[in-house]
Amino acid sequence: MISTIDIQSSDFYRDPYPFYEMLRREDPVHHVTQLDVWLVTRYDLVAEVFSDYRRFGKAWPEGVAPYNGPRPAEFAALDDIPADMLDSDPPDHTRLRRLVSKAFTPKAVEQQRDRILALVDRLIDAMLDKGEFDLVEDFAVPIPVRIISHILGVPETDYVQFQNWTVDFVRSFDVTQSAEVKNRGMAAHLKLLNYFDELVAERRGRGGDDLISRLLEVEDQGDTLSHGDLLAMCVLMLFGGYETTFSLISNGTRLMLGHPEQRDLMRTGPHLARAACEELVRYESPVQRIGYIAQHDMSFGGAEIPKGGVVLACIGAANRDPAIFSDPNVLDITRANNKQIAFGRGVHYCIGAPLAILEASIAIPRALERMPDLHIVDTELDWAATSAHRRLQSLTARSR
Ligand code: HEM
């Protein structure tokens, strides 16, 4: 029964797809009463949430108190940090996005190809030496962190330091999480901001080709980017592509191992490596849902949503909608016209999508090619306890 679906249950974390199917069919904009949020599961409706920022925005409308209430006093310093682009609406969003979009075009990220391949090969060498390893920690995690650190101009070795902060920060984004998780997230956010504050001070005046140096020039030139904007942007770039991309790489490798016929197909050409990643990101979408805020009272998909209502656009459900995808529960890397919505849509469409696909389309085939006997040891999958992300916490594997 729909009313008994618990999106915070271990059954849901393990396998949300049967629940999504029921919701799409019977109540595509479902009011989750325990949490007082609306879960949108049909593809067309999810796409509408992403595409209409005047109705579904990021800011709390006038006169509406934020869902989580005011921040505890110990985190008041965060009130001075302006919203990053992920959390802002046009025109602020447009101004911020314009400043970084050039660094993430397919052409610009293609320049990272050799660096990514060299990193992937070093990680595979180390895994071959070990024989048994964790595909998450030893392979998937370092790839996005080290590449984005390079793009930003953060010393590579520092990533160990901010890895845990990033995890805590991202986790606290889920509106359904406890106050404890949210507080830990705010503490981590402050640490990340302080880290970048020091790094930026040290970088100022030095010049360079990295993204932070280029953003510093913009900050110096005028009022388009404040110091707070700059720090918020650095944190966003670091965490935006971290957990998401490592989930795609670890889960994607596991899925290809579990579908030998698809794995053989992928070997037939580089163009299929990209198509495979588009399909993997559809099949197990790393970001399962994104929260938006209803900007006024509305009827939507059969539900009545009040101004300020939290609307969760459920990517994981949309990407398995049979109205859009034939045999949605089948992994098919040759799927024609794959309209996966794993990177969102509209003004907030993932700026890092070309980079994520490039990283995964190098890492996954290379691991399978260089470790032909690679196999997963775990019999039970270690899914993270959240319905907001589809993330494996660990994945023990052997290369022989
Ligand atoms: C498989 C990997 C990835 C997935 C599944 C993913 C998913 C998403 C989604 C669904 C959004 C839309 C959010 C919304 O509508 O509020 C988004 C936005 C964003 N992503 Fe990604 N992402 C990935 C990789 C990356 C990478 C590698 C980066 C960093 C370079 C990145 C940086 C961002 C940023 C900055 C935004 C905000 C864009 C805006 O507000 O205009 N993402 N991502």
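1. In this predicted model, aspartate 36 sits in the loop that joins strand E1 (29-32) to strand E2 (37-40). Although aspartate 36 is not a glycine, its phi is positive, at about 55°.

2. Asparagine 337 belongs to the loop between H16 and H17. With a relative accessible area of 63%, asparagine 337 is exposed.

3. A further backbone feature concerns two prolines. The peptide bond leading from proline 90 to proline 91 is cis, and its omega is near 5°. Proline 91 is placed in the loop between strand E3 (56-57) and H4.

4. Which protein atom is the donor to the iron atom of the ligand? The single donor from the protein is the SG atom of Cys350, at 2.3 Å. Cysteine 350 lies in the loop that runs from helix H16 (315-318) to helix H17 (353-370).

5. The surroundings of the ligand comprise 29 residues, of which Lys58, His93, Arg97, Tyr292 and Cys350 are the closest. By type, this shell divides into 19 nonpolar, 8 polar and 2 charged residues. At least two residues of the shell come from each of helix H4 (92-101), helix H12 (227-240), helix H13 (243-258) and strand E5 (289-294).

6. The side chain of lysine 58 has an N or O atom 2.4 Å from a ligand oxygen, and the side chain of tyrosine 292 has an N or O atom 2.5 Å from a ligand oxygen. For valine 347, a backbone N or O atom is 3.5 Å from an oxygen atom of the ligand.

7. In soluble globular proteins, nonpolar side chains tend to be buried together. Here the largest nonpolar core has 93 residues, and the most contacts inside this core are made by Phe104, Phe139, Phe162, Phe196 and Ile212. H17 contributes the largest share of the core, 11 residues. Apart from it lies another core, of 23 residues, which includes Val29, Phe50, Met298 and Val311.

8. Leaving out residues up to four places away in sequence, phenylalanine 139 touches Val120, Leu123, Ile124, Met127, Asp134, Ile249, Thr253, Ala363 and Ala367.

9. Beyond its neighbours within four places in sequence, threonine 166 is in contact with Leu192, Leu238, Phe239 and Tyr242.

10. Serine 213 is part of helix H11 (residues 211-221). Its relative accessible area is 3%, so serine 213 is buried. Setting aside residues up to four places away in sequence, serine 213 touches Arg203, Gly207 and Gly208.

11. Finally, arginine 98 is located in helix H4. Arginine 98 is exposed, because its relative accessible area of 58% is over 50%. Between arginine 98 and aspartate 87 there are 15 Å in space, C-alpha to C-alpha, and the two are 11 residues apart in sequence.

Conventions: Residues are numbered from 1 along each chain as its sequence is written. This is a predicted model: local features need pLDDT of at least 70, side-chain atom pairs count only at pLDDT 80 or more; totals for chains, interfaces and linings use all residues. Side-chain values use heavy atoms; hydrogens and water are left out. Donors are N, O and S atoms within 2.8 Å of the metal (3.2 Å for Na, K and Ca); water is not among the atoms, so sites may look incomplete. Helices (H or I, at least four residues) and strands (E, at least two) are DSSP runs, numbered from the N terminus. A nonpolar core is a set of buried Ala, Val, Leu, Ile, Met, Phe, Trp, Tyr and Cys residues joined through side-chain atoms within 4.5 Å. Buried means under 20% relative accessible area, exposed over 50%, partly exposed in between (1.4 Å probe, protein chains only). Contact means heavy atoms within 4.5 Å. A residue is near a molecule or strand if one of its heavy atoms lies within 4 Å of it. A polar contact is a pair of N or O atoms within 3.5 Å; within protein, one must be able to donate a hydrogen and the other to accept it, and residues adjacent in sequence count only if both atoms are side-chain atoms. Ala, Val, Leu, Ile, Met, Phe, Trp, Tyr, Cys and Pro count as nonpolar, Asp, Glu, Lys and Arg as charged, and the others, Gly among them, as polar.
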